[in-house]
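The sequence and the coordinates should be kept in view while reading.

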Amino acid sequence: MTDRENFLSLLRRQGYERVPVEFILCPHLQEVCKKELGAEDYEEYFGFPWRRVDDLRLVGHDVEQYRKFYQRPLAQGADIDLWGVGHEKSPNSMHMTYMRHPLEDMETLEEIQNYPYPDFAHADGSHQAEQVRRIKERDLIAIGDMQMTIWECAWYMRSMEELFCDMMEENEIAEFLFDKVTELSLIRAKAYVNAGVDVLFLGDDIGMQHTIMMSEELYCTWIKPRLKYIIDEVKKINPDLIVFYHSCGFIEPMIPHLIEAGVDVLNPIQSECMDFEEIFRKYGDRISFHGTIGTQTVMPHGTPEEVKQAVWRNLDIAGEKGGLFVAPTHMLEPEVPLENILAYVEACRTYRK
């Protein structure tokens, strides 16, 4: 198999020849890899199977316009993203930020409607097809990465507390905001798929460490139909598209809903709150998985041998047909030793079915 064939066959549970590797490094660990390994681009150095295609490029989108929506001004040095969400730097964190919400103090539907949302309908996507072509020429998978799709996109702007109140009250603000972010996400998703990506990576965190973030009723009322709509629409364009979906935390009650919505690969199956063997036994004939190697436990605190054993155990559970793109469950943070990263890579490359 070529690398592309191997990757697609693995996720379609049709067998595979090699175990691909993938992880995300925090800025500190990126510098460690540069210094210790000479890895200027760690995705290239370790031979990741995919490369991301750039999102639509907004034309004339000035994020400074969003400062006026904060009744309490943003802290000095804060960044503003393209949705107007403020990110204040924290002296107690190396790279995480404190999030501020531009719609939080709005009280009327009219205020929410008049907010200057990113204009993806008139954005520039001329670069995407060429990027896809170059990625595929290298025998790599082209991925459209748009995690933060509906729920997170909405609450980042509105604040989680306010949006939950809107949902519980069945307030028209919630309906408008969810419809708006769905509309904008679909524009982005269609652009990626029309450009020819193999994988569309969606996601919204809907789990916490030991429980789901909202009731199934709330999820099925507000989020699931909109997620299904996006997936249905892009699979009309390319029925062979593979849809990944990310949610941290405990989400087992939501897995059947995600399958019904059309998700093909679920990330990350956080090992600290879900048992992969049990999850695979229940759902492995209907959905594939990405992740499963704990970034709160074995990656930072295990020995290299324990990292290898965790990788091999989960690959054994998935079996010869595949269905598991084994990887750390989240960004690797500064406390993860380089030896454990190298152990994960070695475990993948030396695994024998």
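The following paragraphs describe the sheet, the aromatic residues and a few individual residues in turn. The model is a predicted one.

## The sheet

An open sheet of 7 strands is present, with the order S1-S5-S6-S7-S8-S9-S10 and parallel pairing. At its edges are strand S1 (50–53) and strand S10 (324–328), each of which pairs on one side only. From one strand to the next, the twist averages 30°.

Strand S7 (residues 242–246) is largely enclosed by the rest of the structure, because 5 of its 5 residues are buried. In a regular strand, side chains alternate between the two faces of the sheet. Both faces of S7 are covered: Ile 242, Phe 244 and His 246 are buried on one side, and Val 243 and Tyr 245 are buried on the other. Strand S6 (residues 199–203) runs parallel to S7 and is joined to S7 by 5 bridges. Within this pairing, Val 199 has Ile 242 of S7 as its bridge partner.

Strand S8 (residues 265–267) and strand S9 (residues 288–293) also run parallel, and 2 bridges join them. Here Val 265 stands opposite Ser 288 in S9. Helix H11 (residues 276–283) lies across S9 and S10 and runs at about 175° to S9.

## Aromatic residues

The structure holds 25 aromatic pairs. In one of them, the rings of Tyr 66 and Phe 69 have centres 6.5 Å apart and planes at 40°, so this pair is tilted. Tyr 66 is buried, its relative accessible area being 0%, and Phe 69 is likewise buried, at 19%. In another pair, Trp 155 and Tyr 156, the ring centres are 4.7 Å apart and the planes stand at 90°, so the arrangement is edge-to-face. Both members of this second pair are buried: Trp 155 has a relative accessibility of 15%, and Tyr 156 has a relative accessible area of 16%.

Ring pairs also link several residues into a cluster, made up of Phe 23, Tyr 42, Tyr 45, Phe 46, Phe 48 and Tyr 344.

The charged end of Arg 188 sits over the ring of Phe 120, at 5.4 Å from the ring centre. The charged end of Lys 353 is placed over the ring of Tyr 16, at 4.2 Å from the ring centre.

| Residue | Partner | Distance |
|---|---|---|
| His 95 | Glu 333 | 2.8 Å |
| His 257 | Glu 216 | 2.8 Å |
| Asp 124 | Ser 126 | 2.8 Å |

His 95 is located in the loop between strand S3 (86–89) and strand S4 (97–100). Is His 95 buried or partly exposed? With a relative accessible area of 25%, His 95 is partly exposed. Apart from neighbours within four places in sequence, His 95 is in contact with Cys 26, Pro 27, Met 331, Glu 333 and Pro 334. Asp 316 lies 221 residues from His 95 in sequence and 35 Å from it in space, C-alpha to C-alpha.

His 257 belongs to helix H10 (residues 255–261). His 257 is buried, with a relative accessible area of 13%. Not counting residues up to four places away in sequence, His 257 touches Glu 216, Tyr 219, Cys 220 and Lys 224. Glu 216 is also the partner of His 257 in a polar contact between side chains.

Asp 124 is found in the loop between helix H4 (109–113) and helix H5 (128–137). Its relative accessible area is 31%, so Asp 124 is partly exposed. Which residues does Asp 124 contact, leaving aside its neighbours within four places in sequence? They are Leu 56, Arg 57 and Val 59. The side chain of Asp 124 makes a polar contact with the side chain of Ser 126. Between Asp 124 and Val 32 there are 92 residues of separation in sequence and 36 Å in space, C-alpha to C-alpha.

Conventions. Residues are numbered from 1 along each chain as its sequence is written. This is a predicted model: local features need pLDDT of at least 70, side-chain atom pairs count only at pLDDT 80 or more; totals for chains, interfaces and linings use all residues. Side-chain values use heavy atoms; hydrogens and water are left out. Rings of Phe, Tyr and Trp (its six-membered ring) pair if their centres lie within 6.5 Å; planes under 30 degrees apart count as stacked, over 60 as edge-to-face and the rest as tilted. Buried means under 20% relative accessible area, exposed over 50%, partly exposed in between (1.4 Å probe, protein chains only). A charge sits over a ring if NZ of Lys or CZ of Arg is within 6 Å of the ring centre and within 35 degrees of the ring normal. Helices (H or I, at least four residues) and strands (E, at least two) are DSSP runs, numbered from the N terminus. Contact means heavy atoms within 4.5 Å. A polar contact is a pair of N or O atoms within 3.5 Å; within protein, one must be able to donate a hydrogen and the other to accept it, and residues adjacent in sequence count only if both atoms are side-chain atoms. Two strands pair if DSSP finds at least two bridges between them. Axes are lines fitted to C-alpha atoms, for helices over the stretch in contact, and angles run from 0 to 180 degrees between N-to-C directions.
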